[in-house]
Amino acid sequence: MSLTYPLTHFEELMLHQDSNAFPTNCFVRMRFRGRLDETGFRAAALTAVARHPLLHARVQRHRGRYHWHVDEPNPSITWCDQANDEQPAFRRLDLESEHGLKFAVCLHEHESELMVQFHHACCDGLAIFQVVHELLLAYAMQVDEKAGVSLPEIDLSLLQNRGSIGLTTGSFLRLASRQAVGLRGVWQFLTRKPSHLLPHRVPQRDEPAPPSFPSVIAHHFEPDVSAGVRRAAKLAKVTQNDLLIRDLFLALEEFRRSHGVHDPTAWLRLMIPVSMRRKHQYQAPAANIVSSVFLDRRAIDMEEPEHLLQDLSEEMSLIKHRQLNHLFLYSLWAQRMLPQGLQRTARPKRCQTTVVFTNLSRVFARSPLPRIDGRLQCGDVVLLSVEAIPPIARHLNAALGVSWYANQMTITLHHDPRAVPMEAAHELLNQWVRNIQESVTEK
């Protein structure tokens with residue numbers, strides 16, 4: 001009998017959000033010094049993917065419910081050699097007919113580039129980095145008999161309750177009492193009307209994705225700036241995340257104003273994914289163990305940057321202390337109780353979120369692989385840089401990611417070129433970069 005798992009509320013939300021015009025696909029882009037060995041890479045990919053059932057599964061509907069149908073692992077790999085002017089093309093992953101994970105490798109004369117594409121219904125950002133790390137370990141083991149590393153243990157039984165937040169009746173009641181303050185936030189979420197990043201014609205779901213999909217730009221900070229973010233946050237008695245969010249809000253408002261969009265009372269809304277993993281769940285196979293929180297601000301709330309920073313820090317502290325990150329999952333549970341409730345939530349008729357901001361923190365920080373100047377040596381190649389690329393959606397024109405690797409902070413911007421052209425995207429990213437650099441150099 002084939003292995004099946006019912007989709008969780010969040011997985012079904014991602015499934016319904018997906019469309020031709022806006023694939024619910026995430027990416028990880030990695031650059032290596034040295035040329036990846038094709039035979040070793042293909043063997044390593046099979047080894048890594050086989051450990052994660054949802055990454056070699058298709059979605060089937062039975063009696064009105066959606067289930068994962070797990071197939072034999074058979075990773076999809078596109079292999080290109082730049083000497084032949086080949087370029088990998090990316091398209092939407094259709095979970096009803098194919099698996100939600102693909103690899104694309106481009107070889108250059110002395111370097112390699114790996115693009116990992118995955119459907120957000122399969123797993124979240126932390127999980128894909130878990131898989132990618134296993135891929136690097138497996139590759140090192142394939143090409144170097146003396147690698148001296150092994151793959152970590154995985155508990156397949158944890159997949160069964162991946163959508164549970166692990167609350168007993170008593171803990172649920174205690175948590176609910178602490179979250180009463182969140183009801184005001186729910187009301188604000190429902191009644192406020194956040195603005196698009198820029199005014200534009202919103203494509204229909206069945207329109208094709210842009211030919212440039214995914215449209216991504218990135219900035220890699222120098223190590224001194226990366227370390228300066230930590231110092232500046234400590235000096236202000238806030239988290240690094242608080243500081244980056246403040247600087248992003250300011251960049252969004254400055255960007256809109258430079259494009260002739262200035263409404264002091266218009267709401268800008270950040271959607272911020274947050275991990276819901278408990279300690280034992282870090283041994284789970286790749287899955288979505290995640291929720292989201294939302295921050296709303298107007299131009300009139302940003303007139304004093306220091307006050308904005310403290311205000312955001314207090315709100316994020318309240319969310320953490322009251323565990324308000326559960327509210328999003330509760331809302332999905334409630335929506336699923338209604339006929340086509342999750343479809344309506346996944347396909348809003350108006351803008352619900354201005355941009356996504358996701359912070360994956362330090363990636364590969366505890367890897368057993370050897371390092372050269374802080375960068376992982378994976379057999380015959382060295383991992384130079386990593387870029388985390390969140391998905392965009394209809395009405396949601398930009399998604400920004402932050403990660404740290406080898407003491408270097410990297411930010412990425414995945415944008416919809418139909419709403420935010422490439423030149424404008426560079427302008428937005430550069431404004432955020434300037435704000436961060438100013439925060440670091442302020443005394």
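## What covers helix 6

In this predicted model, the buried residues of helix 6 are covered by several elements, including helix 7 (240-258) and helix 11 (422-441). Strand 15 (398-405) and strand 16 (408-415) also belong to that cover.

Which residues of helix 6 are buried? They are V225, S226, A227, G228, V229, A232 and A233.

Helix 6 takes in residues 223-236, 14 residues in total. From first C-alpha to last, helix 6 reaches 20 Å, close to the 20 Å expected at 1.5 Å a residue.

## The chain around it

Stepping back, the chain holds 11 helices and 16 strands. Its C-alpha atoms fill a box of roughly 60 × 55 × 45 Å along the principal axes. The radius of gyration is 22 Å, which agrees with the value near 22 Å for a compact globule, because that is what the rule gives for 443 residues.

Of the 443 residues, 54% are buried. Among contacts with a separation of 6 or more, 76% are between residues 24 or more positions apart.

## Surface and charge

The accessible surface of the chain is about 20,600 Å², and carbon and sulfur atoms account for 51% of that area. As for charge, there are 50 positive and 47 negative side chains, and the centres of these two sets lie 8 Å apart.

Notes
Residues are numbered from 1 along each chain as its sequence is written. This is a predicted model: local features need pLDDT of at least 70, side-chain atom pairs count only at pLDDT 80 or more; totals for chains, interfaces and linings use all residues. Side-chain values use heavy atoms; hydrogens and water are left out. Helices (H or I, at least four residues) and strands (E, at least two) are DSSP runs, numbered from the N terminus. The expected span of a helix is 1.5 Å times one less than its number of residues. Buried means under 20% relative accessible area, exposed over 50%, partly exposed in between (1.4 Å probe, protein chains only). Contact means heavy atoms within 4.5 Å. The radius of gyration is taken over C-alpha atoms; the globule rule is 2.2 Å times the number of residues to the power 0.38. Accessible areas come from the Shrake-Rupley method with a 1.4 Å probe; for residues, only the protein chains shown count as cover. Lys and Arg count as positive and Asp and Glu as negative; His and the chain ends are not counted. The place of a charge is taken as NZ of Lys, CZ of Arg, CG of Asp or CD of Glu.
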